[in-house]
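This report describes one protein model for a reader who is new to structures. Look at the sequence and the model first, then read the sections in order.

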Amino acid sequence: MGTLLMTLQERIDTFCRFMSFVTKEPGPTGCWIWGGNKIRGYGHFSIKLKTLKAHRWIYEFVTGEVIPTNLQMRHHCDNPSCVNPRHMEPGTAAQNSRDRVLRGRHKGARRGADHHGAKLNADKVREIRRLINLGETHQALAARFGVRRGQIGKIVNRQNWGHVA
């Protein structure tokens, strides 16, 4: 962001445009879910014909820090789509990798109900798929089972819980 010179009005307009892609989850500590363009789950945002990583841009915008290119953003919420600057901090690749292992997000990590952060089990996943076939909406099922709407879509498309028949 440091190389993009903007007037105050351009900064305000850019921030408003950025926030138009964000859905804030309820509560003061909720994730800010990026609804714009994503690559591998991470938001991307264009400013003056330059494409930037959304989570890095908002962090720099809010904190005033310029993140060195050799640092990554460490998401405390483990949600790549989250752009809430309170949920992240700059760190090295090694720190980010250690976070991933400690939180069970690495290759070979436990999956399904065995994962430490699981809110569902195989029976609930089967029920979600059954109810979708009966016409239930993703939004209604997300509220009923206490997960995000996007999680319901991933369950239905077998991106998540693909091992459950």
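## Overall make-up

Among contacts in the protein between residues at least 6 apart in sequence, 47% join residues at least 24 apart; contact means heavy atoms within 4.5 Å. This is a predicted model, in which local features need pLDDT of at least 70 and side-chain atom pairs count only at pLDDT 80 or more, while totals for chains, interfaces and linings use all residues. Residues are numbered from 1 along each chain as its sequence is written, and side-chain values use heavy atoms, with hydrogens and water left out.

The protein has 6 helices and 7 strands. Both kinds of element are DSSP runs numbered from the N terminus: helices are H or I with at least four residues, and strands are E with at least two. Read from the N terminus on, the order of elements is α-β-β-β-β-β-α-β-β-α-α-α-α.

Of the 165 residues in the protein, 36% are buried. Buried means under 20% relative accessible area, exposed means over 50%, and partly exposed is in between (1.4 Å probe, protein chains only). The protein exposes about 10300 Å², and carbon and sulfur atoms supply 51% of that area. Accessible areas come from the Shrake-Rupley method with a 1.4 Å probe; for residues, only the protein chains shown count as cover.

Strands of a sheet pair through backbone hydrogen bonds, either parallel or antiparallel. Here, 3 strands form an open sheet in the order β3-β4-β5, and the pairing is antiparallel. β3 (38-39) and β5 (50-53) are at the edges with a single partner strand each, so one side of each has no neighbour in the sheet. Two strands pair if DSSP finds at least two bridges between them.

β3 and β4 are joined by 2 bridges, and Ile39 has Tyr42 in β4 as its bridge partner. Between β4 and β5 there are 4 bridges; Ile47 is partnered by Lys50 in β5. The hairpin of β4 and β5 has 2 residues between the strands. Lys48 is found in this loop and has a positive phi near 50°, although the residue is not a glycine. With a relative accessible area of 47%, Lys48 is partly exposed.

Helix α2 lies across β4 and β5, running at about 85° to β5. For such angles, axes are lines fitted to C-alpha atoms, for helices over the stretch in contact, and angles run from 0 to 180 degrees between N-to-C directions.

## Aromatic rings

A pair of aromatic rings is described by the distance of the centres and the angle of the planes. How many aromatic pairs does the structure hold? There are 9 aromatic pairs. Phe18 and Trp57 form a pair that counts as tilted, because their ring centres are 5.1 Å apart and their planes are at 40°. Rings of Phe, Tyr and Trp (its six-membered ring) pair if their centres lie within 6.5 Å; planes under 30 degrees apart count as stacked, over 60 as edge-to-face and the rest as tilted. Since Phe18 lies in helix α1 (residues 8-19) and Trp57 in helix α2 (residues 54-63), the pair ties together parts that are 39 residues apart in sequence. Phe18 is buried at a relative accessible area of 0%, and Trp57 is buried at 1%.

The rings of Trp34 and Phe45 have their centres 5.7 Å apart and their planes at 90°, so this pair is edge-to-face. Trp34 belongs to strand β2 (residues 32-34) and Phe45 to strand β4 (residues 42-47), so the pair ties together parts 11 residues apart in sequence. Both residues, Trp34 and Phe45, are buried. Ring pairs link Phe15, Phe18, Phe21, Trp34, Phe45, Trp57 and Phe61 into a cluster.

The charged end of Lys24 sits over the ring of Trp32, 4.5 Å from its centre. This description applies if NZ of Lys or CZ of Arg is within 6 Å of the ring centre and within 35 degrees of the ring normal.

## Two further residues

Asn79 is in the loop between β6 (72-75) and β7 (88-91). Is Asn79 buried or exposed? Its relative accessible area is 9%, so Asn79 is buried. Apart from neighbours within four places in sequence, Asn79 is in contact with Cys31, Ile33 and Arg148.

Arg158 lies in the segment after α6 (149-156). Arg158 is not a glycine, yet has a positive phi of about 65°. At 41% relative accessibility, Arg158 is partly exposed.
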